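I opened the notebook to record what I looked up in this structure.

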Amino acid sequence: YHPSSVSLIPPTAPESFCCKKFFQLCGLSQKSPKEVKDVFRILDDDHSGFIEEAELKFFLQRFVPGARVLTERETKAFLSAADDDNDGKIGIDGECLYL
């Protein structure tokens with residue numbers, strides 16, 4: 001999934017990423033469950049069925065080639081917002097892609 005609108009280019013300044021706003025801008029919050037699961041599979045680099053912290057750090061680059069990596073604080077905040085069972089990873093049924 002790659003947004004085509006220039007307005008969707010993620011923020012470049014560290015600590016400026018807001019996952020909720022990003023999903024709203026790119027329209028992911030309006031996608032069907034199947035489309036969301038397709039995006040999840042793209043983000044799940046190791047195909048473990050989970051998005052771990054290391055994978056989440058490179059989240060923006062999956063949407064916009066050349067984008068910056070998330071800072072440690074942004075990554076932990078994103079994970080915290082989406083980790084429903086506090087196991088340190090986001091399952092395919094997690095809420096992160098619906099934020």
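The entries below keep the order in which I went through the chain.

**Ground rules.** I am working from a predicted model, in which local features need pLDDT of at least 70 and side-chain atom pairs count only at pLDDT 80 or more, while totals for chains, interfaces and linings use all residues. Residues are numbered from 1 along each chain as its sequence is written, and side-chain values use heavy atoms, with hydrogens and water left out.

**Fold.** I looked up the secondary structure and found five helices and two strands in the chain, taking helices (H or I, at least four residues) and strands (E, at least two) as DSSP runs numbered from the N terminus. Read from the N terminus, the order of elements is α-α-β-α-α-α-β.

**Contacts and surface.** I then took contacts, meaning heavy atoms within 4.5 Å, and noted that, of those with a separation of 6 or more, 57% join residues 24 or more positions apart. The chain has 99 residues, and 37% of them are buried; here buried means under 20% relative accessible area, exposed over 50% and partly exposed in between, with a 1.4 Å probe and protein chains only.

**Salt bridges.** How many salt bridges does a search of the whole structure find? I counted a side-chain nitrogen of Lys or Arg within 4 Å of a carboxyl oxygen of Asp or Glu, and the search returned five. Side chains of opposite charge can pair when their charged atoms come close.

Elsewhere, salt bridges that share partners join K34, D38 and R41 into one network.

D38 and K34 meet at 2.9 Å, N to O, and they lie four residues apart in helix α2 (residues 33-43), so about one helical turn separates them. R41 and D38 meet at 3.4 Å, N to O, and, being three residues apart in helix α2, they are likewise separated by about one helical turn. For accessibility I noted K34 as exposed at 57%, D38 as partly exposed at 31%, and R41 as partly exposed at 47%.
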